[in-house]
Amino acid sequence: MHHRLLGALLGGVLMLWPLAAEAKVKIVATLPTLAAIAREVGGKDAEVTSLAYPTQDPHFVDARPHLVLSLNRANLLVANGLELESGWLPVLLSGSRNAAIQPGAPGYLDSSTLVPLKELPRQKIDRSMGDIHPGGNPHYLTDPRNGGRVARGIADRLASLDPANSAEYRRRASALAKACDSLATRETKRFVDLPVVERHVVTYHRSLPYLLDWLGLMEIGTIEPKPGISPDPGHVAWLLGHMRKVHADVILQEEYYPSRIGKLLAEKAKATLAQLPGGAAFERGETYLGYVERMTDKVYEAVAKDATP
C-alpha cells in the first residue's frame, strides 16, 4: 500500500519536470477545436487527444472512464474555461490522479485567460436568468483571431514544459496566428457588403456572439428563451412573429442542438436553417482554419442567398 502511494506521488512529481528531449509532450484538450489548435502548435513534438467530439454539446460531455486514462498520462491539459466544462471535467480531473494538470499547476492551461471576452455580466447572476456564465461568454473560438491568441498561449506553455523545442512551438504558433488574422480579414471583407436586412439572424443558444460580431451580423433572437432553457410554444410564437417583423430569414445553430424547432420556424417564416459544425472534426484531421472556413462558408451561403460559397 505504501509503495503504491509513494509511486503515485513520485509519478506526479516527475511529470512536473521538463520532458526528455526524445519524448513527445502528451496534450489533452477538452474540446476538439482546442485540440486542432494544439496539434498544429505541437506538430511532431506532441501527441494530442480531445476529450469531446464536435457532435457533443460542450456543456454536457459524457465523463467516460477511458478519458481518465488520457488525463492520467497528460503533460498538459488545455481547457476552454469559463465553466463551459464544469459539469463533467472536475470528476475526470479528480479521477486522473495527475497532479501536474490540476488547476493552478503548470500543466493546466485555461484558454479563456488568453482572449478578450464578451458578455461579461453587469449585474448579479441568479438561476432565473438561465445558464449564464459569470466570467463571460465561453464560445470564443468561433472568432479565428481568438484561435490565434490561444495558439500563442499554448506555445508559451509548451515552451516552459519542453524548453528544448520552444522555438519550434513558437514558430508554429506564430504562423497559425498570422493565418488566423488573414482569414479573419478576408472573411470580414466577404460579409461587409451584405445588405443590412440580410445580416439579421436567429440562433439557438447564445453561442455565436464572437462569430456574429466578427462578421458584422446581428442576432435578433434565440430559440432558447433564456440560455439553457428549452423553448416553449409561447416563445416560439413570439419569435416567429418577430422574425417576420424584422425580416429575419436565417437561423444559425450548431449541429449538436435539436433541430425540430429550427425546422418549424424555417418552414413558417420561409427562412433558411443552417446547421453549423459544433467544432473542428479533429479525429478526421481537420485543422482549426479548415473548421472556421467550413463554418463561415455555411453562414455566407445562408445569408447571401444568391452567392456561392
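Thr33 counts as buried, because its relative accessibility is 6%. Buried means under 20% relative accessible area, exposed means over 50%, and partly exposed lies in between (1.4 Å probe, protein chains only). This is a predicted model: local features need pLDDT of at least 70, side-chain atom pairs count only at pLDDT 80 or more, and totals for chains, interfaces and linings use all residues. Residues are numbered from 1 along each chain as its sequence is written, and side-chain values use heavy atoms, with hydrogens and water left out.

**The whole chain**

- The protein chain has ten helices and eight strands. Helices (H or I, at least four residues) and strands (E, at least two) are DSSP runs, numbered from the N terminus.
- Of the 309 residues in the protein chain, 50% are buried.
- Take the contacts in the chain with a separation of 6 or more: 65% of them join residues 24 or more positions apart. Contact means heavy atoms within 4.5 Å.

**Thr33 and helix α2**

- Thr33 sits in helix α2, which covers residues 32–42.
- Beyond residues up to four places away in sequence, Thr33 touches Leu141, Gly279, Ala280, Tyr288 and Tyr291.
- A polar atom of the Thr33 side chain lies 3.1 Å from the backbone nitrogen of Ala280. A polar contact is a pair of N or O atoms within 3.5 Å; within protein, one must be able to donate a hydrogen and the other to accept it, and residues adjacent in sequence count only if both atoms are side-chain atoms.
- Nine of the eleven residues of α2 are buried, so this helix is largely enclosed by the rest of the structure. Among them are Pro32, Leu34, Ile37 and Val41.
- The buried residues of α2 pack against β1, β2 and β3, and also against α5 (144–161), α6 (166–192) and α10.
- Helix α2 lies across β1 (25–29), β2 and β3, and runs at about 175° to β2. Axes are lines fitted to C-alpha atoms, for helices over the stretch in contact, and angles run from 0 to 180 degrees between N-to-C directions.
- Gly43 follows α2 and has a positive phi, near 55°.

**The four-stranded sheet**

- Four strands form an open sheet in the order β2-β1-β3-β4, with parallel pairing. Two strands pair if DSSP finds at least two bridges between them.
- Strands β2 (46–50) and β4 (108–110) stand at the edges with a single partner strand each, so one side of each has no neighbour in the sheet.
- From one strand to the next, the twist averages 20°.
- Strand β3 (residues 76–79) pairs with β4 in the parallel sense over three bridges. Leu77 stands opposite Tyr108 in β4.

- Five of the five residues of β7 (residues 250–254) are buried, so the strand is largely enclosed by the rest of the structure.
- Val250, Leu252 and Glu254 point one way from β7, while Ile251 and Gln253 point the other way.
- Strand β5 (residues 200–203) runs parallel to β7, joined by two bridges. Val202 stands opposite Ile251.
- Strand β8 (residues 272–276) also runs parallel to β7, joined by five bridges. The bridge partner of Leu252 in β8 is Ala274.
- β7, helix α9 (residues 260–268) and β8 make a right-handed β-α-β unit. A crossover is right-handed if, with the strands pointing away from the viewer, the path from the first strand over the helix to the second runs clockwise.

**Nonpolar cores**

- The largest nonpolar core has 73 residues, and Ile27, Ile37, Val41, Ile154 and Leu252 touch the most other members. Helix α10 (residues 288–303) gives the largest share, nine residues.
- A nonpolar core is a set of buried Ala, Val, Leu, Ile, Met, Phe, Trp, Tyr and Cys residues joined through side-chain atoms within 4.5 Å.
- A second, separate core of 17 residues includes Ile220, Val236, Tyr257 and Ala266.

**Two more residues**

- His139 is in the loop between β4 and α5. His139 counts as buried, because its relative accessibility is 9%.
- Apart from residues up to four places away in sequence, His139 touches His59, Leu84, His205, Arg206, Ser207 and Tyr210.
- Lys268 lies in helix α9. Lys268 is partly exposed, with a relative accessible area of 44%.
- Leaving aside neighbours within four places in sequence, Lys268 is in contact with Leu240 and Arg244. The C-alpha atoms of Lys268 and Leu240 are separated by 7.5 Å, and the two residues are 28 apart along the chain.
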